[in-house]
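Subject: Structure handover

Hello,

Here is the structure I said I would pass on. My notes on it follow below, for you to read alongside the model.

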Amino acid sequence: MARGKKQNPFAARKRQKRENGPQRPDRRSEPYEETKRDNISFIKYYHLQKICHTEEEWTQFLESIRDNLPTTFRVTGFKGEAKALLNIIETQLFTEYVRAVAELHQKPPEQVERPLCLPWYPNGMAYQLQLTRKDIRRSEPLYRLHNFLIVETTAGSISRQEAVSMIPPIVLDVKPTDKVLDMCAAPGSKTAQLIEALHASPEEHKIPPGFVLANDVDNNRCYMLVHQAKRLNSPCLLVTNHDSSIFPNLLQSNEDGAKSVLKFDKILCDVPCSGDGTLRKNPDIWTKWNLAQAYNLHGIQYRIVRRGAEMLEVGGRLVYSTCSLNPIENEAVLQRILKDADGALELVDAGHLVPGLKYNPGMTDWKLATKEVDTVYTSFDEVPETLHTIIRPAMFPLPAEDMAKINLNKCMRILPHLQDTGGFFVAVIVKRRQLSFEKNDVQDLVEKAANTAVEEPQLDESGKPIEAKNVPWGPQRKRKRLHGYKEDPYVFFGEEDADYNAIKEFYQLDESLSKRCLLTRCVTEKKKNIYYCSEPIRKLVVNNEHNIKIINTGVKTFVRCENRHTVHPYRLAQEGLQTSNAFMGSSRRIEIHRDDLVRLLNCTDPTKPPSTHELKQSTQDRCSELGVGSCILKYVDEQFTLFVVGWRGTSSLRAYVDRDETIHILRLLGADLSKFEVNKYEEAKKAAAAAAAAAGAASAAENGANGAEIEAQATTPTAMEADEPATES
C-alpha cells in the first residue's frame with residue numbers, strides 16, 4: 001500500500017470475506033430461467049373479489065394474464081404527414097411484417113395474422129402487433145421493424161405505448177383551449193397524448209391557447225419526462241418537480257392585471273400503484289405481489305386525487321387511473337373522495353369516447369384481507385387492533401344506500417382477457433361546484449412572490465454579466481442539491497433586445513410573434529440557444545418560478561452559429577420550426593423539388609455539402625438570391641407539406657436535420673433507405689469474424705515465430721555433434 005494512503009475498511013472486509021468464504025457459483029453460463037407466473041395470494045385474493053362474472057371468464061382471465069403482452073404503438077396525429085405515414089405503415093411496413101413473422105415462425109405468409117388497428121383509438125391511428133417486445137428486439141427477421149420503431153419514435157412520428165395506457169388521455173377529452181395538469185406525468189407517454197390533443201387543430205390555432213403542465217415528484221424521472229415530451233416540440237408545455245399530493249396553488253394574471261389562483265380545466269391523476277395490471281409486461285411482479293402494497297398506497301392515492309379536485313375548475317374534468325386491478329387502490333379511493341366532496345364531484349360515463357373498447361363496470365362490493373389472504377374481513381369491526389394502522393375504515397365499501405348515490409358502476413375496469421391487453425382502471429369525474437375544503441389563498445401567494453429575493457447576476461468591472469463557464473460533459477454542470485439539480489434561470493427577452501431586432505430583420509418575423517415569449521437559460525450578454533414558449537406558459541413561469549421547481553419549458557428556436565461568411569449569427573433550429581415557421585417571412589425560403597431534397601438528405605458528411613450546381617435550375621436561381629445563412633426548405637406533396645431547416649453556404653446548400661428526422665423524411669419521400677438500414681445481427685457477425693481473423697493472424701504469427709526458433713535450434717549443431725564423425729545413413 002502506498003505510504004500515507006488510507007485503506008478502505010469496507011473494501012478490505014469485502015476482499016477478506018471473498019478470500020475466506022465459499023466461492024459464489026458462476027451463473028453467467030447457465031440458461032436464463034423464466035419467471036414462474038404464479039402467486040397463490042394473488043389468485044386467492046382476486047378470486048375472492050369476483051372481478052370476473054363467471055368461473056369460465058375467471059379461467060380466461062388467468063390464462064391471459066400469464067401470457068406475454070402484445071406490442072402496441074400509435075401515430076402522432078396532429079402532424080401534417082400523419083396520413084402519409086399511416087399509408088406507409090399499412091402497406092410497406094405491414095407487408096414486411098408478414099414476411100418477417102412468417103420467416104420467424106416458419107409458416108406460410110397467408111397464415112400470419114396482420115396487425116390489429118385498435119377500434120377504440122381515434123382516427124384508427126393505433127396498432128397492436130402479435131409480437132412481444134422481446135420478439136422484436138431479439139429476432140433477426142424483424143430487424144427492419146425494430147429499426148422503424150426506434151427511428152420513428154425518436155423522430156416523434158409514433159409513440160410506443162401500452163394499449164390500455166392510451167385510454168386516460170382520450171377520456172379526459174382535451175381541447176386546444178384547455179389548461180391541463182398531469183399530476184404524475186413521468187415517464188411521459190400520456191403527457192405526449194395530451195400535447196397531441198392540444199395541437200389537434202393547427203389550422204385554427206398557430207399556437208394553442210391552452211397548455212399542459214406536467215409534474216412528477218421524482219427529480220430523475222422528470223428528465224425522462226422532458227425527453228419523451230420534447231419529441232413533439234410543443235411551446236405549450238411546462239415540466240415541474242413537486243410532490244403532487246401537496247402541489248401548491250399557482251398564480252395567474254387576469255386581463256385586468258389582477259392576480260388569482262389558477263384552476264385547471266382538465267386534470268389527469270394517473271397515480272402511483274402496485275401495478276398488478278402490468279403482469280403481462282412485467283412478469284417479475286408475480287414474485288413480489290402482496291396486499292401490503294395496496295394498503296400502503298391507498299393513502300397517497302387519495303391525497304393526490306383530493307389535491308387534484310381542489311385545483312380543478314368548476315365544470316372541469318378529472319380522470320383518475322391506475323394500472324392496478326385492486327379495488328383498494330381504485331373504487332375505495334374514489335368512494336372516499338366522492339363522500340368527502342358531498343355532491344361537489346360526480347362520476348360520469350365516458351364509454352362513448354372509446355367506442356369498441358370492452359370493459360367491466362366498477363365494483364360496488366369488495367373484501368379486505370391479511371397480507372397472505374388467509375383471513376378475510378368484510379367490515380372494520382372484524383379487523384384486529386394490531387392491523388388498525390394498516391387497514392383503515394375508509395377502505396371498506398360504503399353502505400348500500402350511500403354506494404348507490406356515487407355510481408361506482410360508471411368506472412371502467414379493463415381486464416386482460418377482454419381484448420388481449422394489460423389490466424387498467426379508469427374513472428372520470430366532473431366538478432359541479434366548489435369544494436368545502438378548497439383553499440384559494442391569493443393574498444398569501446402574492447405576498448410570497450413579492451418577498452422572494454431574486455438572485456442577482458454577477459457583474460464584471462464594466463458592469464456586464466459574468467458568463468458561467470461551460471463544461472463539455474452535460475448534466476454535471478448543474479449543481480446537485482438535496483432535491484435534485486439546481487436549474488438554470490429562465491430569462492425572457494426585454495422590450496429592447498438587440499438580438500431580437502437582428503433576428504426579426506433577418507427572418508422578417510411577423511409582428512404576432514411575441515418577443516416576450518423568447519427566452520434563454522443563462523444570464524449572459526451573449527445568448528447561445530434561444531427558446532420560445534407560448535404566452536400562457538410565459539405567464540406561468542413569471543408568476544410562479546418562486547413557488548415551484550420548474551424543470552423545463554420552451555422549444556429551441558434559434559441557435560448561435562457564427563460563421564465567417566454570414567452576416568447573421570443565429571440559425572434556425574429544426575426542433576422549433578414547427579412553431580416558428582408560421583411567423584417567418586418569405587426572404588429566407590426556398591421551394592425545393594423532391595430529387596433535390598433527397599440529394600440534400602443523403603449527404604451525411606457536413607464537411608462536403610452538395611454544391612448548388614448539382615441542384616435543379618429553379619433551386620440554383622433561388623439560392624443565388626439568398627445570402628449565406630439559415631433558410632427554410634419547403635417541399636409540397638399531394639398528401640403533405642414538409643418544412644426543413646437548411647443552410648445556404650457560399651456555393652452549397654445542405655439540410656440541417658438529425659439522422660432520425662432524415663430517415664423519417666426520406667421514408668415519406670419514398671427514397672432508398674438502404675444506406676441507413678443497419679442489420680445489427682450482420683454487423684455483429686462481421687465484428688466476430690474480424691475478431692476471429694485478427695486472433696488467427698496473431699496466433700499464426702506467434703506459431704511462425706516459435707517454428708522459426710525451433711528450426712534454428714534444429715539446424716545448429718551442438719558441441720557434441722560437431723566432434724562426432726559423419727556417418728552414412
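**Overall picture**

Among contacts in the protein chain between residues at least 6 apart in sequence, 74% join residues at least 24 apart; contact means heavy atoms within 4.5 Å. This is a predicted model, in which local features need pLDDT of at least 70 and side-chain atom pairs count only at pLDDT 80 or more, while totals for chains, interfaces and linings use all residues. Residues are numbered from 1 along each chain as its sequence is written, and side-chain values use heavy atoms, with hydrogens and water left out.

The protein chain has 23 helices and 29 strands. Helices (H or I, at least four residues) and strands (E, at least two) are DSSP runs, numbered from the N terminus. Of the 729 residues in the protein chain, 50% are buried. Buried means under 20% relative accessible area, exposed over 50%, and partly exposed in between, with a 1.4 Å probe and protein chains only. The accessible surface of the protein chain is about 37000 Å², and carbon and sulfur atoms account for 50% of that surface. Accessible areas come from the Shrake-Rupley method with a 1.4 Å probe; for residues, only the protein chains shown count as cover.

**The annotated binding site**

An unreviewed UniProt entry places the feature "binding site" at C184, A185, A186, P187, G188, S189, K190, D216, D243 and D270. UniProt positions are given in the numbering used here, feature names are shortened, and annotations may be inferred rather than shown by experiment.

Two of these residues are described here in turn. K190 lies in helix α8 (residues 189-198). Its relative accessible area is 13%, so K190 is buried. Not counting residues up to four places away in sequence, K190 touches Q161, S165, P168, P169, D182, L268, D270 and F424. With S165, the side chain of K190 makes a side-chain to side-chain polar contact at 3.0 Å. A polar contact is a pair of N or O atoms within 3.5 Å; within protein, one must be able to donate a hydrogen and the other to accept it, and residues adjacent in sequence count only if both atoms are side-chain atoms.

D216 is in strand β6 (residues 211-216) and is buried at 6% relative accessibility. Leaving aside neighbours within four places in sequence, the contacts of D216 include C184, A185 and A186. The side chain of D216 also reaches the backbone nitrogen of A186 at 3.2 Å.

A186 is joined to P187 by a cis peptide bond, with omega about 10°. P187 sits in the loop between β5 (179-182) and α8.

**Two sheets**

Axes are lines fitted to C-alpha atoms, for helices over the stretch in contact, and angles run from 0 to 180 degrees between N-to-C directions. Two strands pair if DSSP finds at least two bridges between them. Four bridges join the antiparallel strands β22 (residues 529-532) and β24 (residues 555-560), and I530 stands opposite F558 in β24.

Another open sheet is formed by four strands in the order β26-β27-β28-β29, with mixed pairing. Its edge strands, β26 (589-591) and β29 (653-655), each pair on one side only. From one strand to the next, the twist averages 35°. Strands β27 (residues 629-636) and β28 (residues 641-648) run antiparallel and are joined by eight bridges; the bridge partner of C631 in β28 is G646. Helix α20 (residues 617-625) packs on the sheet, touching β26, β28 and β29, and its direction makes about 170° with that of β26.

**Positive phi angles**

D420, a residue other than glycine, has a positive phi near 55°. D420 lies in the loop between α14 (416-419) and β17 (424-431) and is partly exposed at 27% relative accessibility. Q508 is not a glycine either, and its phi is positive at about 50°. The loop between α16 and β21 holds Q508, which is partly exposed with a relative accessible area of 41%.

Regards
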